[in-house]
Amino acid sequence: MSHTFTPLASVRVDPRTARVHEEGWQSWSPSGSYGLDTAPHRPTNDNWATVCYRPGRTVPAATFQGEGLLALDAGDGSPVRLWAAADPALAVPSIRLTSSGGHAEVSADGPVKEFSYTGDHGIQGALADWAEGLNLAAPRPAPTVWCSWYEYFTAVTEDDIHENLGAMDTLGLPVDVVQIDDGYQSALGDWLTLSERFRSRESIAEAIRSHGRRPGIWTAPYLVAPHSDLADRHPDWLVRDGDGAPLHAGRNWSHDLYVLDTTHPDAAAYLTDVYATLRAEGYDYFKIDFLYAGALDGARHTEADALSAYRDGISLIRAAIGDDAYLLGCGAPMLPSTGLFDAMRVSPDTAPHRRPEADDYSQPGQEPAEFTGVGRQWQHGRLWINDPDCLMARPQVETRERWAAHVEATGGLMASSDRLLSLDPWGVDTTRRLLSSGGAA
């Protein structure tokens, strides 16, 4: 798909000190500020370009590109200038900047508005000022969380949940929510069918509540595995590509990913039933993940554009779980998600290691999570509660002290993701301190 870029501004800059902020498309897309002589982070393979960046928006060399939002500090003491989507709920244009000979040229492939900022806090201040101008409702504080993912990944068992639930009591950790992550379900899309490692969602939720904590659960509502019962029984519920085949949303978990078409009334009814069932079982904290898939272009049951279909799907989930449930987004298109979530992952996944695979800053690793988490700090408390991703404090985690300091400094959602009985004294003390610093009333 080709995109025509219209010039917006020519700005005199100091090439030595000017900086430009690129806002990435979704949670995992690199976002942050760069010097004009710095090469911004780009995808290193086609699959990650689909799963972690904005599909179909290849960026030319020596070009900065923000998805719906780009800011420039000219480095000469003049006001920071910012260009933003005119209405990010409807359209998110790509905004480009190139520089040469002491001038920066800014262009966009859709409607944008320009803002200037004269305060003392540079690019972050300009971004925060723009966010405050959206006049969104103040987000609710986030509860403190224990999450199964970064210790057990998809191999988590029901017994693992029970063990850590007891360890929270033994160690006196102030955990509000115990969140069961990926691995309890039989397949992506078959959310109410348990894997062989789980016996009963209801009994786990009851056990969590009996310990004075709240049950939480992970889903990826727009994803469907090709081998799932849903894909087999209801192929008409899938978004299609131009050839009529199921739309390919990339690969993960060693298989292709299909997309649920929530504009199909039967698919929408199914998704409503999934979340209403989980809510009735006692789950009131929902992490919904890989949301980029819901905003992919494709053929849907209705003529709804991709962003409208995405937002309507999230609204459907909110209606099913109720306004009192806590909703955390992840892997989500950022600007189209404003006003829909209580909290939002604002970086790629962290990891027990620092460097990401192939040095791609959309991939798991502490360095890319810190880079984009810092770059999006302006969103915290304005668009939602920022989720910097989980604390990992066990001894095996590389540079665990530095990662803990980053999580603590964000002031955002505080979540632990260790096997709690594996923590040494430093890990226990650090986990207790960070959890004690957050949490909803």
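Modeller: Happy to. When I say that one residue touches or covers another, I mean contact, with heavy atoms within 4.5 Å. This is a predicted model, so local features need pLDDT of at least 70 and side-chain atom pairs 80 or more, while totals for chains, interfaces and linings use all residues. Numbering runs from 1 along each chain as its sequence is written, and side-chain values use heavy atoms, without hydrogens or water.

Colleague: Let's start with α4. Where does it run, and how many residues has it got?

Modeller: Helix α4 covers residues 158–171, which makes 14 residues. Helices (H or I, at least four residues) and strands (E, at least two) are DSSP runs, numbered from the N terminus. From first C-alpha to last, α4 reaches 20 Å, close to the 20 Å expected at 1.5 Å a residue (1.5 Å times one less than its number of residues).

Colleague: Which residues of α4 are buried?

Modeller: They are Glu158, Asp160, Ile161, Asn164, Leu165, Ala167 and Met168. Buried is under 20% relative accessible area, exposed is over 50%, and partly exposed is in between (1.4 Å probe, protein chains only).

Colleague: What comes just after α4?

Modeller: Gly172, which takes a positive phi of about 65°.

Colleague: New topic: Leu413. Where does it lie, and is it buried or exposed?

Modeller: Leu413 is in the loop between α10 (400–410) and β21 (415–416). It counts as buried because its relative accessibility is 2%.

Colleague: What does Leu413 touch?

Modeller: Leaving out residues up to four places away in sequence, Leu413 touches Ala142, Pro143, Val145, Tyr285, Leu328, Ala343, Ile385, Asn386, Asp387 and Pro388.

Colleague: How far is Leu413 from Ala249?

Modeller: Their C-alpha atoms are separated by 28 Å, and the two residues are 164 residues apart along the chain.

Colleague: On to charges. How many salt bridges does a search of the whole structure find?

Modeller: It finds 31. A salt bridge here is a side-chain nitrogen of Lys or Arg within 4 Å of a carboxyl oxygen of Asp or Glu. One of them joins the side chains of Glu132 and Arg382, at 2.9 Å from N to O.

Colleague: What about Asp424 and Arg400?

Modeller: Their side chains meet in a salt bridge too, 2.8 Å from N to O. Asp424 sits in the loop between β21 and α11 (425–436) and Arg400 in helix α10, so the parts tied together are 24 residues apart in sequence. Asp424 is partly exposed at 23%, whereas Arg400 is buried at 10%.

Colleague: And which residue pairs with Arg251?

Modeller: Asp256 does, with the closest N and O atoms 2.9 Å apart. Arg251 is partly exposed at 39%, and Asp256 is partly exposed at 27%.

Colleague: Last one: which residues are linked in a network of salt bridges?

Modeller: The network links Arg354, Arg355 and Arg402 with Asp359, Glu367 and Glu370.
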